[in-house]
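Please find below a note on the model under review. It is arranged as numbered points for reading beside the structure.

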Amino acid sequence: MKAFQFIDARDLRSASAALGRDAARTRLLAGGVDLLSELKERIIEPETLVNLKTVPGLNALRLDAKGLTLGTLVTLDQIEFHQGIWKSYTALAEAAQSVGSPQIRNVGTLGGNLCQRPRCWYYRDESINCIKKGGSKCFAAEEEADNKFNAILGGGPSYIVHPSDCATALVALGAMVKYQDARGGMQTVPAEEFFLLPTENPARENVLRHGEILTEVMVPALAGARSTYVKFKEKDSFDWAVSAVAVRAVAAPDGTVRDIRIVLGGVAPRPWRCPRAEGMLKGKRLSAALLNEAAEAALEGSKPLSKNAYKVPLTRVLVRRAVNQAVTGKQMA
Amino acid sequence: MPKKIKTVVVENGFEKEVEIEVPDGPPASWGDPRSLRILGKRNPRPDGPDKVTGRAKYSSDIVLPGMCYGRFLMSPYAAASVTGIDISAAERIPGVKAVIAIVQNGGQVMYHGQPVACVAAMTPEIAEDAIRAIRVQYVAKPFVVDVVKARDSQAPKVRAEMMGGNVQYPGENSKGDVEAAFRGAAAVHHAVYEAQTRLHCCLETHGQTVKWDGDKLTVWASTQFVSGVQNDFRGMPGGTKNVQVITEHMGGGFGSKFGAGPEGLFAMQLAKKANAPVKFLLNRAEEQLANYRGPGVVAEVKLAAAADGTLLASDVMTWNNGGASNAGTPLDQGFYIIEPQVRRAKRYGVLTNTGGTAALRAPGHPQAAVIYDMALDALAAKLRMDPLELRKRNHNDQVRVSEWELGARVIGWNRRQEVPGAATGTHKRGIGMGSATWGGGGRKSATCTVHVRKDGSILATSAVQDLGTGVRVYVKGIIAEELGLELKDVQADIGNSDFGPGHGSGGSTTTASVAPAIKMSAVRVRELLTATAARGLNVKPEEVELAVGGKFHVKGNPARGLTWKQVCALLPAAGLKATGDWNDASDLQATGVRGCTFAEVEVDTETGKVTVLKVVGVQDCGLVLNRLQAENQVTGGIIQGIGTALLEDRRMDNITGRMLNPNFEEYKLCGSFEAGGVNITMDPPYRAMGANERGVVAIVVDNPTGKVSGIGEPAVIGVQSAIANAIYNAIGVQVTHQPATPDKVLEALQKKGARA
Ligand SMILES: Cc1cc2nc3c(=O)[nH]c(=O)nc-3n(C[C@H](O)[C@H](O)[C@H](O)COP(=O)(O)OP(=O)(O)OC[C@H]3O[C@@H](n4cnc5c(N)ncnc54)[C@H](O)[C@@H]3O)c2cc1C
């Protein structure tokens, strides 16, 4: 990696000031798991790293009747080992537990997980100047490309998939994301709006502009809700999601779906909500036929690239399994 | 007939060399395996604690005063002409001690990752800055990285001098009238298969630390052949005759670490230029890109059988991906183990812009096995025959058949689907098998020298290196067994080219080459010490025997004896030394091992995910010197093979010609969750596993030869085939293009659905 200056930030304001406006020159460092890979592989070459871990108060974790509040520096390992999160926000605990390996979860932070950069191998190759790095084209979109892990939904002009497991779960849980904006004010947006499609800006995956800092994630409590995160990896020991589905559902005692949110991960440049599938399920009791219809609806509009058509049926299956799990509390037979 | 040997004795306080007579006993023998105290038992490796605590020093751990770090600049292009190379800016960076342009102006690069220049600098960071300061002008050329595309006569030429495309080394091998045999067949199977190209993924990357002292070169090498590295340095430009190569521990080679390699050559040249020691170890990305791969093969296979399962004919065409060098020749006889009556094999080597190839744990065999074993199972299905029965019908080696039967019993072969894919439900289970054949015999190479000191301590030295297989345990074990002592009584110092001729640890030949020499060194020591004891006891040597505990006593009179220490105290000041030679005990080893693997998997037919439930590896290796290490080799082979079967997939990009996954995140090795569950130790009589039991069983069967053979490579061969066939047995369709990743499993199921 290129030599850089290292600044321990005292507070959010000084962190933001140190970051300045020029993304080419500075980067924010949390656990460093992703940032260090990018530095080592020369995907980025900043002159200065601003260490967020020295800012006090960003690792608070609070669970009360209103909900769950997580500071950006809470580690994935803290989430994974929190009984209360398992009980009330299962999807998040499952997502955190599914990330990488124990070592990675031990240092990786929630904020870093949400803001990590894509895994597309064209993006991760220093020598390939793809559209995410200011180039003119998305290599993954070409017929000859090796795009087995790329987007089947929401792609164009870039066809990355969002790599974060926690992002998918948090969107399903209706979380809010808080950040300090460039002028020093605090902003709160629904997680769903925090993540962007490449049509809005192919170089970024979320609303943060350079110098803006994610500070907290709030997950509202919802009485009677049950959630799950079903992740499909090629390699169980550690892997990003080939495809994943997070569902939060509220079901009546007779099994009628009162409320449901279905979010797909690993298949689109951002966590992908499935409003039509959700609508089909609300007010109904699950049946095999209904699950199939909902799974069809969840994947509607999918446009596979040359080598990733398998992700469509694969994701449908995960939708059925996740919805069934969240609504009934039972795994599909 | 007694024989005479020279030795030094102490008489009246003076040492003198004398010729003594020792009884010429029966030829060296391992003895009755049941009576062995140490050999054949499960003995942990003595260096285990050193490895887990970090005390063990690998080449990458060597740090010398003033040492510089070497680094390559690698070609970003799959094919290009170099029209200019300027190293001056790199040379001006403070801390850069040497820069060498490897490819000169006008030179060609033939693959992404080819070394173009190298540097030595005071820190790895400066070295990285330096390679980036080298200015190379490339004119990119058309390239081809796909073996099927490369076959096309219109494909870009990988080597300009190639006439008529990238296909080279055509070869044909046939026996009998193939056409006639196919005409008369009751069942024919015809399909195209691919065994993928794999990377070695040594956990310690390639490299060396080198140091010049005048014209003496000391090399700490991560190698499977210390003497080979020594010879390379002696012969190469800028090298020296005066080379010592040290490999105390090394982190895997799998066939890719025999010589000095480009890392060594340039480490040596850089060290000379920089006038400083140089450590040159590749980083992970460079390792994955380096000039070593286990070549993949695409094969078109036709098999014919009679209604009773007699294998009538095979007709096989193979295209071996040789990268920019050349490939192996798997299946070049048209079959693997199970021989048809007539056969034809046509083979082609195909050049691609993907770097060179190297032996990879049983070179060519896993590829041949997975392709041929899959074809056999498809043929068995057409005949409605049990695949094991089909094999037995056409093969009658009794050792092999008994291994098959043992493996089948332990895994529960009777639980397999009689008709592939017949299981109901979304999660289908299946069982499959694969087989191996290997040599594993030895040759005269490394010697072993045992040094017994006056205080009774024993040091054994040999230039053989421990590739990771636990050589130290049997160096100690053979000597301790012979001398009636314990493992702790013998020190083993190995992996140093100063210790005599070395052995290249390839072809699973190490144990069969070194163990007889170790044995002979111990026999010599016993003879000499027996003579010493005889003089101490005032009897003839043939009247003395050596008992467990290292005690020498008069035959039939255990009370009249001397302890090990008492005898050694009679030695001259320098103690005694004895060297063993393979030639004197070649009868203690043999070549020719079999081996087989059985696997049970569960396939989620909705997602394409394959979970390995059980693997049973059955392997013979003649006389087992250390059961624990032998079983470890089988377990290790199974783990590596699971990765090959399900995950390992080098991705070459057709757009850029670059390898897209030169790392461990996307080049996926078998991890702990993939490895088939717990490791189960079994002893005879081996039990059958429960239907829902999970785990890996490594069975090393005692081959009646009673001679030593190698085991490292055969242990991996049948694993990929067993898993591929288990998948077929579960879902009723073959994943012909390996590895069986979920996308390919789903694709296969979809094709099957479309056919049904
Ligand atoms: C082998 C491996 C496997 C992995 N597997 C998975 C996986 O399965 N699933 C998964 O989701 N992830 C995975 N990861 C990715 C990721 O590195 C970790 O999930 C981790 O959570 C990142 O957190 P961090 O604190 O280390 O982030 P850092 O590396 O410190 O930061 C990541 C990025 O986010 C930015 N950033 C960090 N905090 C903030 C903030 N508060 N405000 C604004 N920007 C911020 C940084 O500038 C940087 O660009 C894996 C990584 C590796 C190396």
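The points that follow take up the interface between the chains, the ligand site, the salt bridges and some backbone features.

1. The structure is a predicted model. The remarks below should be read with that in mind.

2. Extent of the interface. Chain B and chain A meet through 33 residues of chain B and 32 residues of chain A. The size of an interface is often expressed as the accessible area that is lost when the parts come together. Here the area buried between chain B and chain A is about 3100 Å². Carbon and sulfur atoms contribute 49% of that area.

3. The chain B side. Two elements of chain B, α3 (124-133) and α17 (742-755), each give two or more residues to the side that touches chain A. By residue class, this side of chain B comprises 15 charged, ten nonpolar and eight polar residues.

4. Surroundings of the ligand. Which chains supply the residues around the ligand? Both chains A and B do, and the site is therefore shared between them. The shell holds 33 residues, and the closest are A:L28, A:G32, A:T109, A:N113 and A:D165.

5. The side chain of A:T72 places an N or O atom 3.1 Å from a nitrogen atom of the ligand. A polar side-chain atom of A:W240 is 3.3 Å from a ligand nitrogen atom. At A:P163 the backbone is involved: one of its N or O atoms lies 3.3 Å from an oxygen atom of the ligand. Taken alone, the ligand exposes 980 Å², and the protein buries 95% of that area.

6. Elements of the ligand shell. In chain A, α2 (33-40), α7 (110-115) and β8 (213-220) each give two or more residues to the shell around the ligand. The largest share, four residues, comes from α7(A). The shell divides into 15 nonpolar, twelve polar and six charged residues.

7. Salt bridges overall. Over all chains the count comes to 71 salt bridges. Among them is the pair A:E80 and A:R105, whose closest N and O atoms are 2.7 Å apart. A:E80 belongs to helix α3 (residues 76-80) of chain A and A:R105 to helix α6 (residues 102-107) of chain A, so the pair ties together parts that are 25 residues apart in sequence.

8. Cis peptide bonds. B:P684 and B:P685 are joined by a cis peptide bond with omega of about -5°. B:P685 sits in the loop between β28 (679-680) and β29 (695-701) of chain B. A cis peptide bond also joins B:Q738 and B:P739, with omega of about 0°.

9. A:R42 is placed in the loop between α2 and β3 (48-51) of chain A.

Note on methods:
Residues are numbered from 1 along each chain as its sequence is written. Chains are lettered from A and ligands numbered from 1 in the order in which they are written. This is a predicted model: local features need pLDDT of at least 70, side-chain atom pairs count only at pLDDT 80 or more; totals for chains, interfaces and linings use all residues. Side-chain values use heavy atoms; hydrogens and water are left out. Contact means heavy atoms within 4.5 Å. Buried area is the accessible area (1.4 Å probe) that two parts lose on being put together, summed over both. Ala, Val, Leu, Ile, Met, Phe, Trp, Tyr, Cys and Pro count as nonpolar, Asp, Glu, Lys and Arg as charged, and the others, Gly among them, as polar. A residue is near a molecule or strand if one of its heavy atoms lies within 4 Å of it. A polar contact is a pair of N or O atoms within 3.5 Å; within protein, one must be able to donate a hydrogen and the other to accept it, and residues adjacent in sequence count only if both atoms are side-chain atoms. Accessible areas come from the Shrake-Rupley method with a 1.4 Å probe; for residues, only the protein chains shown count as cover. A salt bridge is a side-chain nitrogen of Lys or Arg within 4 Å of a carboxyl oxygen of Asp or Glu.
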